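Please keep the sequence and the three-dimensional view at hand.

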Amino acid sequence: MAQQTMTVHLKVWRQSGSDSQGRFEQYTAEDLNPHMSFLEMLDVVNEDLIHAGEDPIAFDSDCREGICGTCGFVINGQAHGSERGTTVCQLHMRSFNDGDTIVIEPWRARSFPVIKDLVVDRDAFDRIISAGGYVSVGTGPKPDANSIKIGKDVSDKAFDSAACIGCGACVAACPNASASLFTGAKITQLALLPQGKPERTRRVQRMVHQMEDEGFGNCSNIGECEAVCPKEISIDNIAKMKREYLRAMLSDT
Amino acid sequence: MIPLKRALSSPVGRKFVMSISGIALVLFVIVHLLGNLTLYVPDGGETFNRYAAGFDAIGPALYVIELGLLAVIVIHIGWGITTALKNRKARPDDYAVSVNSKGGPSNLSLASKNMIVTGVALGIFLVVHIWHFRIRKIYVADNTEIDGQQHADLYALVHTAFSDPFWVAFYVGAMVFFGFHLRHGFWSTLQSLGAMKPEWSKGIYALGFLVAVVLTVGFMGIPLYIYFLA
Ligand code: HEM
Ligand code: FES
């Protein structure tokens, strides 16, 4: 039996550089295997563009396994496309219908400037992490393994927060372009663990203030971030960030 | 320790301000409705006027309370507007296809997306409402005798206003905005404070709907009741 193929019409945001004016370009992708991933579909489109001597569509990707957080753009108004708990590299063409028109846009936020086409600069996230999303470790002899006991429930919770891959979908989907879910997840992860506790007071202030200085918006508790997060990180992490901040406001140091 | 000024303008601290002022406003609004339920008593306004006259007994302290309330409103509006402006600036170039909710845990809705719109509408309503019944109580209302003492006939003021279809429509319309504001605000205020657990979240969001409906219907019924039945 012949393999069923599909055709989709794309409207893709093209922008040659950060300072240039962007616009939508239309492409038609034909003879697609429904089991190819969305990025593989774009690879096919790009092959054709390259053969035709045109500039291929720039987009980020690395692992293509949904674990690295490099990929991501907005498909028909949904970060990473329509499926929940999925990165765009793990989205398959079978989630679309033959003949669909698909609008593809980069993450849009002041703090994520477009570099080219669908590629945005997410250094702002790195700067939020550098501001406090770490545990300082002194040099010297290594501590005994298991010398710090952590309950399974606590480690599970911290792990849920640590699952963040930093893709930026939370910012992209938030009507306020807030980075609260990203920042809250790291603050929560480290605040739960004994290794993170000594620095928790200064960590939360520095990270929250860095998030503000980067120009991200303020959380209105809408929760679309959780709905688009490929790791389904809960906005409970944002509530925890608020408690940590309140604690820091009241602390002596 | 975080310098207070920095804290209260930070993304987290500014929502503490919104939240605490929001809770104060909700508490006020509940008390306000409880008092106004006397308008539903079909006795030509005697119960209501008696209740309203009770405020005169508070004396000058009433002004302190009123100024406090005004301050809460001004703070809520001030922080609400600056927050909304910052949020707008955070996405200067908007999407061609606007955010299309993935559902699930999301609370993206007409109510949650438009807090600033419903808020500004409420602000305009408040100016009219305070002029309408608070300022005009001083300058326009006639007097009535309650237990041998002269008090403003607030009921007559209310009754005249709500005999006019324009004012009935205005108040009913304003309460729609109020309902939408509370629908998201009730839950949001607790989440903003960090006073939320994932297990409670759905229940409190549902409770927010109930609170919004009960308060909205309670207030909205007053002009309708007076226009059609009193
Ligand atoms: C009867 C009057 C009002 C009540 C009972 C009320 C109540 C509330 C509550 C409970 C919240 C949730 C707080 C939070 O999310 O932390 C809220 C949020 C908000 N209110 Fe009001 N409010 C009132 C009037 C106003 C007015 C006049 C404005 C005018 C600007 C306003 C603007 C806002 C905004 C913008 C938010 C959302 C903040 C955000 O989530 O980013 N509100 N309000
Ligand atoms: S490319 Fe690594 S998560 Fe998609």
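Setting aside neighbours within four places in sequence, His209(A) is in contact with Tyr245(A), Ile2(B), Arg6(B) and Ser10(B), contact meaning heavy atoms within 4.5 Å. His209(A) belongs to helix H6 of chain A, residues 200-213; helices (H or I, at least four residues) and strands (E, at least two) are DSSP runs, numbered from the N terminus. With a relative accessibility of 10%, His209(A) counts as buried. Buried means under 20% relative accessible area, exposed over 50%, and partly exposed in between, with a 1.4 Å probe and protein chains only.

The model is predicted: local features need pLDDT of at least 70 and side-chain atom pairs count only at pLDDT 80 or more, while totals for chains, interfaces and linings use all residues. Residues are numbered from 1 along each chain as its sequence is written, chains are lettered from A and ligands numbered from 1 in the order in which they are written, and side-chain values use heavy atoms, with hydrogens and water left out.

A nonpolar core is a set of buried Ala, Val, Leu, Ile, Met, Phe, Trp, Tyr and Cys residues joined through side-chain atoms within 4.5 Å. This core has 83 residues, of which Phe125(A), Val171(A), Phe216(A), Tyr245(A) and Phe162(B) touch the most other members. Beyond its neighbours within four places in sequence, Val171(A) is in contact with Ala109(A), Phe112(A), Phe125(A), Ala177(A), Ser178(A), Ala179(A), Phe216(A) and Arg91(B). There is also a second, separate core of 28 residues, including Val12(A), Trp13(A), Leu49(A) and Val88(A).

Another buried position in chain A is Val119(A), with a relative accessible area of 13%. Val119(A) lies in strand E7, residues 119-120 of chain A. Not counting residues up to four places away in sequence, Val119(A) touches Ala58(A), Phe59(A), Asp60(A), Pro113(A) and Val114(A).

Helix packing in chain A is illustrated by H3 (residues 152-162) and H5 (residues 180-192), which pack at an angle of about 160° with their axes 8 Å apart. Axes are lines fitted to C-alpha atoms, for helices over the stretch in contact, and angles run from 0 to 180 degrees between N-to-C directions. H3(A) and H5(A) are therefore roughly antiparallel to each other; angles under 35 degrees count as roughly parallel, over 145 as roughly antiparallel, 65 to 115 as roughly perpendicular and the rest as oblique. On the H3(A) side the contact is made by Val154(A), Lys157(A), Ala158(A), Ser161(A) and Ala162(A), and on the H5(A) side by Ala185(A), Thr188(A), Gln189(A) and Leu192(A).

Chain B contains nine helices and two strands, in the order α-α-α-α-α-α-β-β-α-α-α from the N terminus on. Its C-alpha trace spans about 60 × 40 × 35 Å along the principal axes, and 43% of its 230 residues are buried. Among contacts in chain B between residues at least 6 apart in sequence, 75% join residues at least 24 apart. Within this chain, helix H2 (residues 13-36) and helix H4 (residues 61-89) pack at an angle of about 140°, with axes 9 Å apart. That angle makes H2(B) oblique to H4(B). Residues forming the contact include Val17(B) and Phe28(B) of H2(B) and Ile73(B) and Trp79(B) of H4(B).
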